Amino acid sequence: MTKQVFLDNLKKRLAGMPEADLAERLSFYGEMIDDLIEEGAAEEEAVAEIGTVESVAQAILSDYPLSKIVKERIKPKRRLKTWEIVLIAVGSPVWLSLLIALFAVLIALYIAVWAVIAAFWAIFVSFIAAVIYLLIMGIYYISASNTFPGICLLGAAAVMSGLTVFVFFGCNAAGKGVVRLTKKIATAVKNRFAGKGEQK
Amino acid sequence: MDAQLKRGILDVCVLAAIADGDSYGYKIIKDVKPYVEISESTLYMILKRLETADMLTVRSAEHNGRLRKYYHITKRGLDRIEEFKSDWQEIMSIYRFVVKEENK
């Protein structure tokens, strides 16, 4: 791949990125390729050294804020005609409230997921309370010479402790899973918005 | 090398590469590569981060008929290097302790 083809492909892959920011990044990689060639590498070698178009695009996107990409995507690309502006203004009760509703739903969904995580932790806390209660009752029964029931309660306390440990690890894993999921969604949205010319 | 450790060190490596004088992208990679693996994309992110943190400044200069970006270290960048050096003095004495203990 030649330098120009590489840069053009990269530009197409990141077509949704603001012009100035994209140009800055393209010139960085272009400069790097030029320097490699100056140091004696063949053009194809130099381009290969940088990496594939896809991997470089991913690296650029991963470091680029999602909000900027979304803003760029919804900006009008050309001067709006008067009737278009009027139509948008007049129709705003409809599309604006729909947009707000959409965001409200998405945010509510996200909060709901975290609420589930919070519920898991609530279970964890109640398990701990159960262990403490069973321990106290067990000791009390034994001290009141009610040995067999007392031992049963202590046994139950032991079982509950084991379950509590499981719940603890479950809560942690679930929490981490949600964080990872959030990152994946952000990446997917960035890719969807930034990559107009991507190969499907 | 541990990923987290590597990330913290790369910033300082790049600063060290421009501490003695202005340098440019490809040269920085060439200087750092013998010591730690760094890709062009990684370097770009580091340079951007350092610029935001006021640890370096950028200027464009002509070279062989094209424009090249040169990076210049700031006082803050130099301070960061000093910080790194004293941090690692500590770590090295801990390392000597650990290795000594192992040999017992």
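Okay, let's start with Lys30(B): this lysine is partly exposed, at 43% relative accessibility. By that I mean between 20% and 50% relative accessible area, with buried being under 20% and exposed over 50%, using a 1.4 Å probe and protein chains only. Before I go on, this is a predicted model, so local features need pLDDT of at least 70 and side-chain atom pairs count only at pLDDT 80 or more, while totals for chains, interfaces and linings use all residues. Residues are numbered from 1 along each chain as its sequence is written, chains are lettered from A and ligands numbered from 1 in the order in which they are written, and side-chain values use heavy atoms, leaving out hydrogens and water.

Back to Lys30(B). Its side chain meets that of Glu39(A) in a salt bridge, 3.4 Å from N to O; the rule there is a side-chain nitrogen of Lys or Arg within 4 Å of a carboxyl oxygen of Asp or Glu. This pair crosses between chains, with Glu39(A) in the loop between α2 and α3 (43–50) of chain A and Lys30(B) in helix α2 of chain B. Helices, by the way, are DSSP runs of H or I with at least four residues, strands are E runs of at least two, and both are numbered from the N terminus.

How many salt bridges sit across the interface of chain B and chain A? The rule finds seven. Another one joins Arg68(B) to Glu38(A), at 3.8 Å. Arg68(B) is in strand β3 of chain B and Glu38(A) in helix α2 (residues 19–38) of chain A. So, buried or exposed for that arginine? Arg68(B) counts as buried, because its relative accessibility is 3%, whereas Glu38(A) is partly exposed at 37%.

Now the interface as a whole. On the chain B side, Tyr26(B), Glu40(B) and Tyr44(B) supply 42% of the area buried against chain A, more than any other three residues.

Last stop, Ser41(B), in helix α3 (residues 40–52) of chain B. This serine is buried, at 10% relative accessible area. Its side chain makes a polar contact with the side chain of Tyr29(A), at 3.1 Å. That term means a pair of N or O atoms within 3.5 Å; within protein, one must be able to donate a hydrogen and the other to accept it, and residues adjacent in sequence count only if both atoms are side-chain atoms.

Technical notes. Buried area is the accessible area (1.4 Å probe) that two parts lose on being put together, summed over both.
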